[in-house]
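Opening the notebook on a new model today. I want to walk through its helices and a few side chains.

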Amino acid sequence: MRLSLLLYVVADVILLLSDVYSTANTVGAVIWVIAGVLAFWATTRWRYGLPAVVDRVSAKHEAAWQVDAEAGNPQAAHMLGTSLKVRGELETARRWLQTAAEAGLADAQWDLARLIDQMEGAAAARPWFEAAAAGGHPGARHLLRPGGAYEVTEDAG
C-alpha cells in the first residue's frame, strides 16, 4: 500500500512539474486523480477496499456453491473448486474440481489438469488434459496438438 501511494505521489509531482498537469488539461487531471484514488483503494486493506469486498462476495458465493455442490450440481462444484484454488486451498479445490471433472465438464477437467500439473507434474495431469480435449476444450486441444507441450504421438492417439 505504501509503495502504491508513494508511486502515485511521485507521478503526480512529475506531471505537475512538467506542465502536463495544467488547467488546459483539467479532464486529464481529474482522470489522473480518480485513477490514483482507485489504485490506492484497490491496494489497501480498508474496510471497504477492493480486497475486503472481494472476500465478502466470495464467501457469500462459496457458501451457496457448497450447498449446491453437495446436492450434486457439477457446475457449482466447479465454481467452488475454482474459488478455493484461487484462495490457495489446493487439496479442497482438487476434490471439488475432480467431482465436476468426473461429471464430464470439460472446463472442470481443464482446471483440474492445471491444478494437478501444478501439484504433481505433467504426467499426472495428462489424463485430465486428454479428457478436456476430448470434451472440446480449446486450451487442452492446443496443448495436445502436434508440437504442443503434451504432443500426442501417432502411436498414442
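Below are my entries, from the whole chain down to single residues.

**Ground rules.** I'm working with a predicted model, where local features need pLDDT of at least 70 and side-chain atom pairs count only at pLDDT 80 or more, while totals for chains, interfaces and linings use all residues. Residues are numbered from 1 along each chain as its sequence is written, and side-chain values use heavy atoms, with hydrogens and water left out.

**Whole chain.** I looked up the secondary structure and got eight helices and zero strands. Helices here are DSSP runs of H or I with at least four residues, strands are runs of E with at least two, and numbering goes from the N terminus. I checked burial next: 28% of the 157 residues count as buried. Buried means under 20% relative accessible area, exposed over 50%, and partly exposed in between, with a 1.4 Å probe and protein chains only. For contacts (heavy atoms within 4.5 Å), I took pairs at least 6 apart in sequence, and 33% of them join residues at least 24 apart.

**Helix α4.** I found 14 residues here, 74-87, reaching 20 Å from first C-alpha to last, close to the 20 Å expected at 1.5 Å a residue. The expected span is 1.5 Å times one less than the number of residues. At the start of α4, a side-chain oxygen of N73 comes to within 2.9 Å of the backbone nitrogen of Q75. After α4 comes G88, with a positive phi near 95°. I noted A76, A77, H78, L80, G81, S83 and L84 as the buried residues of α4.

**E62, in α3.** Is E62 buried or exposed? E62 sits in helix α3, residues 50-70, and counts as buried because its relative accessibility is 8%. Not counting residues up to four places away in sequence, E62 touches L80, S83, L84 and R87.

**A69, also in α3.** A69 is placed in helix α3 and is buried, because its relative accessibility is 6%. Which residues does A69 contact, leaving aside neighbours within four places in sequence? I got A76, A77, L80 and W96. I also logged A69 to G81: 12 residues apart in sequence, 9.7 Å C-alpha to C-alpha.

**Helix α5.** The 13 residues of α5 should span 18 Å at 1.5 Å a residue, and the end C-alpha atoms are 18 Å apart, so the two agree. I listed A93, R94, W96, L97, A100 and A101 as buried in α5. G104 follows α5, with a positive phi near 100°.

**E130, in α7.** E130 is in helix α7, residues 122-134, and counts as partly exposed because its relative accessibility is 34%. Its side chain makes a polar contact with that of R126, at 2.7 Å. I also checked E130 against A113: they are 17 residues apart in sequence and 9.0 Å apart in space, C-alpha to C-alpha.

Definitions and conventions:
A polar contact is a pair of N or O atoms within 3.5 Å; within protein, one must be able to donate a hydrogen and the other to accept it, and residues adjacent in sequence count only if both atoms are side-chain atoms.
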